[in-house]
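I opened this model to look up a few local features and the contacts around them. My entries follow in the order I made them.

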Amino acid sequence: MGYFLVVDKKVMKYSNDFDKVLNTLADMYGGRISIDYYGLMTKSEILSMEYMDIHEGCYFFISSLELNDFENKTKRNISINIYDSRYLMEYVDDEYEDGYAIIEWLKANRDSYHLDYSKSDFKKYCVMINENYICSYDLVEDACKFLMDDKTYSILKVFDETNLKDYLAHNLLDVKQNLSNDGYFEVIAKGCAQYNISIIELNTVFNHFHKANAKALAWYLDRDRSQYRVDIVDYQDSLTKACEMLVKMASCKDCYEFVEECPFHKGKEYLGKEICQGECHSIEKWKEYFIKSDE
């Protein structure tokens, strides 16, 4: 699961480790925030959570907070909360709630998290119709086949010209491309009523939260919080693990196997151990290389 530190409607820290989030809060505001009746709080007092409570996945201070600007000798009210991502939907009743700040963070940081729904009955591609969850499949083709074979939906008209079955049959590549690029496909079909039909890649549900079917799917997920979780990708941990693997690959006896690919050997003639100079056997050297590559 993920934890989000939200300060004045802005996500300041996110991690799967609650202690990391709490430590960030203490580092940022220890000795700077005061609470009614108790005065200024130290870093250790924040870490003790003595003045915090929890309700519906929200860790909050038991009284209003003031942020002290000692340089300018001013104070202002400040809102600070930590949210458990499993309870995210509890805080999206209106756009002024902190839940929307987290949704915006999820949309802007698509590559920094993923949904783990392996314990649920949901598959990768979900069929939603008029904000109702219908079914889900591991393959796009199977989701389309369901719509094409269903006696109710297959005969619906798209663009008042063709039925849904023929439309999906002729546009299957476009549907797959939409889902590959954006994780979302939508079409309006008509029969005795109008049908808003969507196929949504489950992992992108928060990216499309402004769309009715995606928002409804998020609520379906929320009905049983044990069925999914938001996992934050810790790139520093991931990078370290990747570099450890590269060091294992670069053991001296196997060095020659990737001389052409290794950035420390590129353009050099292989001379055995002498060429290595230890760079590709150092986790720190590999991390430095990748960090510089990203700059």
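**Entry 1: a surface tyrosine**

I looked up Y37 and found a relative accessible area of 82%, so I list Y37 as exposed (buried means under 20% relative accessible area, exposed over 50%, partly exposed in between, with a 1.4 Å probe and protein chains only). The model is a predicted one: local features need pLDDT of at least 70, side-chain atom pairs count only at pLDDT 80 or more, and totals for chains, interfaces and linings use all residues. Residues are numbered from 1 along each chain as its sequence is written, and side-chain values use heavy atoms, with hydrogens and water left out.

I placed Y37 in the loop between strand 3 (33-35) and strand 4 (39-40). Helices (H or I, at least four residues) and strands (E, at least two) are DSSP runs, numbered from the N terminus. Y37 belongs to a nonpolar surface patch with Y38 and I62, and together they have about 420 Å² of accessible area. Patches are made of residues with over 30% relative accessible area and no salt bridge; like charges are joined within 9 Å, nonpolar side chains (Val, Leu, Ile, Met, Phe, Trp, Tyr) within 5 Å. Areas come from the Shrake-Rupley method with a 1.4 Å probe, and for residues only the protein chains shown count as cover.

**Entry 2: S63**

Is S63 buried or exposed? I found S63 buried, at a relative accessible area of 19%. S63 sits in the loop between strand 6 (58-61) and strand 7 (65-69). Leaving out residues up to four places away in sequence, S63 touches I35 and D36 (contact means heavy atoms within 4.5 Å). The side chains of S63 and D36 are joined by a polar contact of 3.2 Å. A polar contact is a pair of N or O atoms within 3.5 Å; within protein, one must be able to donate a hydrogen and the other to accept it, and residues adjacent in sequence count only if both atoms are side-chain atoms.

I traced an open, antiparallel sheet of four strands in the order 4-3-7-8. Its edges are strand 4 and strand 8 (74-78), each pairing on one side only. Two strands pair if DSSP finds at least two bridges between them. Strands 3 and 4 have two bridges and run antiparallel; S34 has L40 of strand 4 as its bridge partner. Strands 7 and 8 are joined by five bridges, also antiparallel, and L65 is partnered by I78 in strand 8. The hairpin of strands 7 and 8 has four residues between the strands, and there K73 takes a positive phi near 55 degrees.

**Entry 3: salt bridges**

How many salt bridges does a search of the whole structure find? I got eight (a side-chain nitrogen of Lys or Arg within 4 Å of a carboxyl oxygen of Asp or Glu). I noted three of these pairs.

- R76 and D8 meet at 3.0 Å, N to O. R76 is in strand 8 and D8 in the loop between strand 1 and strand 2, 68 residues apart. R76 is partly exposed at 42%, and D8 is partly exposed at 34%.
- K43 and D27 have their closest N and O atoms 2.6 Å apart. K43 lies in helix 2 (residues 43-48) and D27 in helix 1 (residues 18-29), so the pair ties together parts 16 residues apart in sequence. K43 is partly exposed at 38%, whereas D27 is exposed at 51%.
- K176 and E141 meet at 2.6 Å, N to O. K176 is in helix 6 (residues 172-182) and E141 in helix 4 (residues 140-149), 35 residues apart.

**Entry 4: helix 3**

Why do I call helix 3 (residues 98-108) largely enclosed by the rest of the structure? Eight of its 11 residues are buried, so I do. They are D98, G99, Y100, A101, I102, I103, W105 and L106. Their cover includes strand 1 (3-7), strand 9 (80-84) and helix 7 (212-222).

**Entry 5: the chain**

I counted nine helices and 17 strands in the chain. Of its 295 residues, 43% count as buried. The accessible surface comes to about 16,600 Å², with 47% belonging to carbon and sulfur atoms.
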